[in-house]
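Please look through the model below before reading on.

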Amino acid sequence: MLRLQKPKVGPLGRLPGTDIYRRTDVYLTAGEIPGVKIVRVDSPIYFANASYVKSRLYAWADLNNLITRWKETHKVDPTDNDSLKKEDFAYANNIAMDDDDEDEYPEGIVASLEPSVAQRRQSLLSSLSASLGTTRRNSVQAINMEDLSSQPRSYMSQGGLLKAEEEEEIPIKHLIIDCSEICFVDVTGVGFLKKTQSECAAIEVELLLACTNKPVRDMLALCGAVDYIQPHQYFVTLHDAVLYALKVQKQPNRYTASHKVNGLE
């Protein structure tokens with residue numbers, strides 16, 4: 001249950017010379033696609049984790065900063081009900097860029113165990129630490145997310161693999177969600193995807209869903225998501241979605257069908 005409520009959500013990049021995509025925070029050779037953000041959610045999306053998934057998704061895709069810049073350049077009429085308001089976005093204090101590799105049992109749960117069970121577990125951990133000559137926390141250096149984000153990243157381009165300082169800054173125009181690990185969504189999960197689509201369309205970022213299974217597509221259709229997410233935004237494979245995004249970015253007019261449907265052209 002803990003892993004479902006705080007699932008792993010991370011960015012993906014393409015391995016050079018392949019159509020394979022892996023976590024960029026794990027595989028340093030995985031190159032990000034200029035103008036495209038790819039994020040994978042490793043769990044179902046339902047009422048208990050939708051808020052957490054959204055906060056991490058927006059953090060990895062840098063959507064909060066994009067929305068902030070959009071609001072700075074667009075004066076919002078407070079009397080206009082259709083205008084974008086602060087509460088419509090994923091502004092959250094708990095962006096949750098914490099380490100996914102948490103202890104199996106949080107401190108509160110350990111304290112609630114029977115004394116004998118807690119003592120046996122503590123004794124086992126102590127003996128294991130003594131045999132290794134160090135504690136678990138000291139043996140594995142914690143990952144600082146700020147340091148990780150400041151490290152030079154690789155980017156994929158037609159010319160090959162580029163370093164971050166060699167690649168000109170390209171604004172994010174596509175957000176691809178890898179849905180291969182999302183086995184189902186409930187009404188709250190559908191609402192999360194619909195709201196994400198609306199917010200992305202407002203800042204001219206096209207949302208694409210890759211590797212969605214039939215139960216997820218059926219639930220989206222049942223809950224009226226077809227009015228938000230159009231059929232052309234679904235892709236069988238992640239690589240197909242990337243190729244589509246790159247093709248669209250080459251076009252002079254980057255307003256796509258999804259923007260037209262949302263009345264933003």
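**From a buried tyrosine to the sheet**

Tyr46 counts as buried because its relative accessibility is 9%; buried means under 20% relative accessible area, exposed over 50%, and partly exposed in between, with a 1.4 Å probe and protein chains only. The model is predicted, so local features need pLDDT of at least 70 and side-chain atom pairs count only at pLDDT 80 or more, while totals for chains, interfaces and linings use all residues. Residues are numbered from 1 along each chain as its sequence is written, and side-chain values use heavy atoms, with hydrogens and water left out.

The structure holds three aromatic pairs. Rings of Phe, Tyr and Trp (its six-membered ring) pair if their centres lie within 6.5 Å; planes under 30 degrees apart count as stacked, over 60 as edge-to-face and the rest as tilted. One of the pairs joins Tyr46 and Phe47: the ring centres are 5.3 Å apart and the planes stand at 90 degrees, so this pair is edge-to-face. Phe47 counts as exposed, with 63% relative accessibility.

Tyr46 also forms an aromatic pair with Phe184, and this one is tilted, at 6.3 Å centre to centre and 40 degrees between the planes. Helices here are DSSP runs of H or I with at least four residues, strands are runs of E with at least two, and both are numbered from the N terminus. Phe184 counts as partly exposed, at 39% relative accessibility. Together, Tyr46, Phe47 and Phe184 form one aromatic cluster.

Helix 2 has twelve residues and reaches 16 Å from its first C-alpha to its last, close to the 16 Å expected at 1.5 Å a residue; the expected span is 1.5 Å times one less than the number of residues. Is helix 2 mostly covered or mostly open? Helix 2 is mostly covered, with ten of its twelve residues buried. Among the buried residues are Tyr52, Lys54, Arg56, Leu57 and Trp60. Asp62 follows helix 2 and has a positive phi, near 60 degrees.

Which strands pair with strand 6? Two strands pair if DSSP finds at least two bridges between them. Strand 3 pairs with strand 6 in the parallel sense over five bridges; Val36 has His174 as its bridge partner, and Arg40 has Asp178. Strand 7 (206-210) also pairs with strand 6 in the parallel sense over five bridges, and here the bridge partner of Asp178 is Ala210.

These strands belong to an open sheet of six, in the order 2-1-3-6-7-8, with mixed pairing. Strand 2 (21-23) and strand 8 (234-235) are the edge strands, each pairing on one side only. Strand 6, helix 8 and strand 7 make a right-handed β-α-β unit; a crossover is right-handed if, with the strands pointing away from the viewer, the path from the first strand over the helix to the second runs clockwise.

Most residues other than glycine have a negative phi, and most peptide bonds are trans. Glu204, in the loop between helix 8 and strand 7, has a positive phi of about 60 degrees although it is not a glycine. Glu204 counts as partly exposed, with 29% relative accessibility. Cys211, in the loop between strand 7 and helix 9 (214-222), also has a positive phi, near 65 degrees. Cys211 is partly exposed, with a relative accessible area of 25%.

How many disulfides does the structure have? A search of the whole structure finds zero disulfides, a disulfide being a pair of cysteine sulfur atoms within 2.5 Å. For Cys179, the nearest cysteine sulfur is that of Cys211, 7.7 Å away. Cys179 counts as buried, at 4% relative accessibility, whereas Cys223 is partly exposed, with a relative accessible area of 23%.
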